[in-house]
Amino acid sequence: MTRSVADEKQTARLNDEFHDAKLPVLQAITNQVCDCCYISNGWTTRNEAEAMIEHLRLKASHDLLDIGAGAGWPGLYLALQTGCAVTLLDLPETGLRLAQARAEADGMASQLSTVQGDAADMPFSSESFTAISHSDVLCCLEDKLTVLQECRRVINADGRMCFTVIRLADGLKGAAMERAVQAGPEFIRSEAHYHSMLQSAGWQIIQQDDITEAFCASIERMIAAEAKQSESLRALRGDDANETAQVNWLYKLQAVADGLILRDFFSVVPV
């Protein structure tokens, strides 16, 4: 499958982000924001990871696919807690290498497979997995429906999928829409509502929870954590880039607080 220029640029940027994410100052910030003790550049908290375990009903006999897996959070944690096998799928090679190293350090290398691949064209046979998870991935991808269709193809008949997604509030127009798009992830726009995309792709929604309030609290923790580490961050990023980052966090926080951007937790099963 041919990838767009925007997709290629995003992968290159994420490779750079994962290279920096292993630095102690950024790990300290991530741990304060997500309470995860893993290298991460996402928003999934430990509480959300625990909810994934519950909704997926993970067992040691299961095969989990974590899409857009980054450096292994939360996929490695789900496997560590339940004993299941986990396949991490992502395009940035740097993150996958970090995940492999973490699995080896945790003595769970035998549970792990890493695959560098595109979620819209996954290199797996049909019905390969018992469970699928992805954390704020669809809002960072252009072809959301195809990804959901691919997830449906590779899940077995009794499988489950759960995921978080950052999305635009319904009915936004004009300046409100522009604010939300600017504050949100790169591909937050969606041609269809997630309900209709899931139905079209062959999924039934079991549960949908609005976790926007928790998302807002995470952004607030990010702002506080970066302020605490401001001296180290200025040395890493430079004064101008660090100031821009703080302004962007505040802009994002206001958009979420104003209800322009929402974050949902979905639990779904194939139909």
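Biologist: Which residues does isoleucine 67 touch, not counting residues up to four places away in sequence?

Modeller: This is a predicted model, in which local features need pLDDT of at least 70 and side-chain atom pairs count only at pLDDT 80 or more, while totals for chains, interfaces and linings use all residues. Residues are numbered from 1 along each chain as its sequence is written, and side-chain values use heavy atoms, with hydrogens and water left out. Contact means heavy atoms within 4.5 Å. On that basis, isoleucine 67 touches Leu89, Ala119, Met122, Ile132, Ser133, His134, Ser135, Val137 and Cys151.

Biologist: Which residues of the largest nonpolar core touch the most other members?

Modeller: A nonpolar core is a set of buried Ala, Val, Leu, Ile, Met, Phe, Trp, Tyr and Cys residues joined through side-chain atoms within 4.5 Å. Buried means under 20% relative accessible area, exposed over 50%, and partly exposed in between, with a 1.4 Å probe and protein chains only. The largest such core has 82 residues, and those touching the most other members are Leu65, Ile67, Leu76, Met161 and Ile261.

Biologist: Which strand gives the largest share of this core?

Modeller: Strands are DSSP runs (E, at least two residues), as helices are (H or I, at least four), numbered from the N terminus. The largest share of the core, seven residues, comes from strand β5 (residues 155-168).

Biologist: Is glutamate 127 buried or exposed?

Modeller: Glutamate 127 lies in the loop between β3 (112-116) and β4 (129-135). Leaving aside neighbours within four places in sequence, glutamate 127 is in contact with Arg153, Val154, Ile155, Asn156 and Ala157. Because its relative accessibility is 55%, glutamate 127 counts as exposed.

Biologist: Is glutamate 226 buried or exposed?

Modeller: Glutamate 226 belongs to helix α9 (residues 212-228). Its contacts, leaving aside neighbours within four places in sequence, are Ile29, Leu233, Arg237, Ala245, Gln246 and Trp249. Relative accessibility is 3%, so glutamate 226 counts as buried.

Biologist: At what angle do helix α2 and helix α10 pack?

Modeller: Axes are lines fitted to C-alpha atoms, for helices over the stretch in contact, and angles run from 0 to 180 degrees between N-to-C directions. For helix α2 (residues 24-34) and helix α10 (residues 230-237), the axes are 10 Å apart and the angle is about 130°.

Biologist: Which residues make the contact of α2 with α10?

Modeller: From α10 come Ser232, Leu233 and Leu236, and from α2 come Val25, Leu26 and Ile29.
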